[in-house]
Protein chains: 2
Amino acid sequence: MPRQITGFSNDTVKRLRALRDKKARRAEGLFLAEGLRILAEARDVGRLPEIVAYAAGPGLHPLAAEIAAEAEAAGADVIETTVEILAKMSGKDNPQAILGAYRQPDTALSAIDRAVAPLWLVGERLRDPGNIGTMLRTGDAVAAGGLILIDDCADPFSVEAVRASMGAIFTQKVALASWDEFIAWLRAGPGQLVGTSLQTDHDYLDPSYAAPCFLLVGNESQGLPEAYEAQCDLLVKMPMLGRADSLNAAVAAAVMAFHIRASWRNR
Amino acid sequence: MPRQITGFSNDTVKRLRALRDKKARRAEGLFLAEGLRILAEARDVGRLPEIVAYAAGPGLHPLAAEIAAEAEAAGADVIETTVEILAKMSGKDNPQAILGAYRQPDTALSAIDRAVAPLWLVGERLRDPGNIGTMLRTGDAVAAGGLILIDDCADPFSVEAVRASMGAIFTQKVALASWDEFIAWLRAGPGQLVGTSLQTDHDYLDPSYAAPCFLLVGNESQGLPEAYEAQCDLLVKMPMLGRADSLNAAVAAAVMAFHIRASWRNR
């Protein structure tokens with residue numbers, strides 16, 4: 001049976017709330033996912049939370065109760081609580097009715113098998129967790145293998161990134177690496193490294209892309225460092241027909257990823 | 001000379017701070033833009049703020065001082081203030097060093113001349129101001145004419161939308177309309193209405209797109225209502241190769257917009 005918790009000072013409540021903070025996520029090896037839609041997505045791919053909290057009441061969705069019961073049977077700490085406490089945990093007036101804390105997967109590059117997918121997304125110093133989550137969501141849509149985050153990126157396991165991923169955090173591989181680690185790993189196997197850049201005349205529509213293709217997008221305001229661009233097999237540019245000189249990073253990744261998939265359609 | 005303001009209770013400070021709220025924006029007909037990059041972008045297309053606030057000091061960028069001086073010469077209320085007051089106005093610990101309040105443009109559909117651009121973006125019940133700003137930024141990149149917002153969308157003049165637009169709020173036309181108003185206006189002239197949908201087998205790569213093309217993207221979680229889809233000239237679907245059934249709305253708009261432009265490249 002789930003424990004009934006109605007006090008803010010309960011240890012599990014405190015522990016869940018702490019997971020909004022990166023240090024606590026790292027120390028515990030856990031991350032938060034909020035809302036029935038993402039929890040159901042996780043369950044569908046065989047992932048159950050280690051801690052679950054939900055608001056009891058007649059409005060509780062049967063699927064939420066089912067996920068909580070399954071998680072409990074698998075050994076999770078399950079607490080039934082109030083909307084007020086969920087609001088306190090999420091920092092929102094209208095919190096989701098259920099949330100779960102999940103074990104973070106292995107984020108070592110060595111855990112990635114590049115042969116399982118023809119396309120991989122690579123982000124360099126991405127600072128916006130929403131962009132990271134959106135890139136995971138796009139990666140799922142184009143059947144990319146996952147997202148490799150280079151150097152100092154925002155945390156892909158932050159609440160904001162998980163939310164923007166719409167569940168893709170559970171289906172896409174995520175790896176974290178320095179540039180040197182990434183290049184050493186990349187060059188130890190097959191792979192075309194394609195960078196999006198403003199410093200090239202190659203229109204993105206012209207080249208032919210080779211699988212496994214590693215699509216590299218740089219920092220939101222600075223783009224890729226020149227030294228990194230120099231190590232790409234191919235630099236391409238999306239035409240900017242207006243006044244702005246760049247796209248949102250997640251948009252650039254998506255336009256490129258969909259084009260690369262489209263260019264492979266009739267092979 | 002700019003007025004020196006160091007008190008939170010100053011009327012201009014209060015007025016600027018109030019513009020973070022939609023009601024005040026509507027009542028005043030103004031909106032806020034923050035940061036030198038966006039203010040410079042606005043100035044480059046001939047738009048000056050009616051109110052300007054900046055933090056005085058040796059770190060002030062010469063361009064910020066220049067924009068403030070130009071605005072003052074054009075009759076703007078210009079105040080020189082402190083970082084603390086800017087932080088209070090923006091609700092952020094690290095505020096931008098300059099902000100401006102701009103006159104909202106005419107958002108009537110009748111102000112749009114569809115002949116000036118081959119592509120227009122149309123959003124229906126978009127709830128996320130970040131998506132609206134990102135669509136404006138993408139629209140600039142593909143030389144769209146602007147963004148038409150249908151029914152109950154988030155405010156394109158919110159601080160978050162303006163920030164995500166990266167200045168495109170000053171270069172793209174914005175119109176607000178109900179669906180019925182939009183359809184009546186659309187059908188009174190040339191235009192292909194293309195809806196992105198999950199309810200079709202037409203892959204987005206197959207059709208030929210006709211200018212002026214109106215690219216319609218629906219609500220973030222619900223997509224387009226069936227009745228609206230039925231009035232489109234063409235419904236297309238982006239293939240979803242993974243588990244998710246949809247893309248982020250701004251991503252979907254960008255993938256479509258870049259594909260449509262690409263399909264016109266060799267005409």
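A nonpolar core here means a set of buried Ala, Val, Leu, Ile, Met, Phe, Trp, Tyr and Cys residues joined through C-beta atoms within 7 Å. In this predicted model, the largest such core runs to 174 residues.

**The core**
- The residues with the most contacts inside the largest nonpolar core are A:Leu215, A:Ala253, A:Ala257, B:Leu215, B:Ala253 and B:Ala257.
- Take A:Ala257: setting aside neighbours within four places in sequence, A:Ala257 is in contact with A:Leu119, A:Leu121, A:Thr138, A:Val142, A:Ala144 and A:Leu215.

**Helices H6 and H10 of chain B**
- The axes of H6(B) (residues 129–141) and H10(B) (residues 249–263) come within 9 Å and cross at roughly 15°.
- Angles under 35 degrees count as roughly parallel, so H6(B) is roughly parallel to H10(B).
- The crossing of H6(B) and H10(B) is right-handed.
- On the H6(B) side, the contact is made by B:Asn131, B:Thr134, B:Met135 and B:Thr138; H10(B) brings B:Ala249, B:Ala250, B:Ala253, B:Ala254 and B:Ala257.
- Sorted by class, that contact of H6(B) with H10(B) has six nonpolar residues, three polar ones and no charged ones.

**Where chain A meets chain B**
- Contacts link 27 residues of chain A with 27 residues of chain B.
- On the side of chain A that touches chain B, helix H6 (129–141) and helix H10 (249–263) of chain A each supply at least two residues.
- H10(A) provides the largest share of that side, six residues.
- By class, the side of chain A that touches chain B splits into 17 nonpolar, six polar and four charged residues.

Conventions:
Residues numbered from 1 in each chain as written. Chains lettered and ligands numbered in written order. Predicted model: local features only at pLDDT ≥ 70, side-chain atom pairs only at ≥ 80, totals over all residues. Axes fitted to C-alpha atoms, helices over the stretch in contact; angles between N-to-C directions. Helix = DSSP H or I, 4+ residues; strand = E, 2+ residues; numbered from the N terminus. Parallel < 35°, antiparallel > 145°, perpendicular 65-115°, else oblique. Left-handed = near helix turned anticlockwise from the far one by under 90°. Contact = placed C-beta atoms within 7 Å. Nonpolar A, V, L, I, M, F, W, Y, C, P; charged D, E, K, R; others polar. Buried ≥ 20, exposed ≤ 12 C-beta atoms within 10 Å, placed from the backbone.
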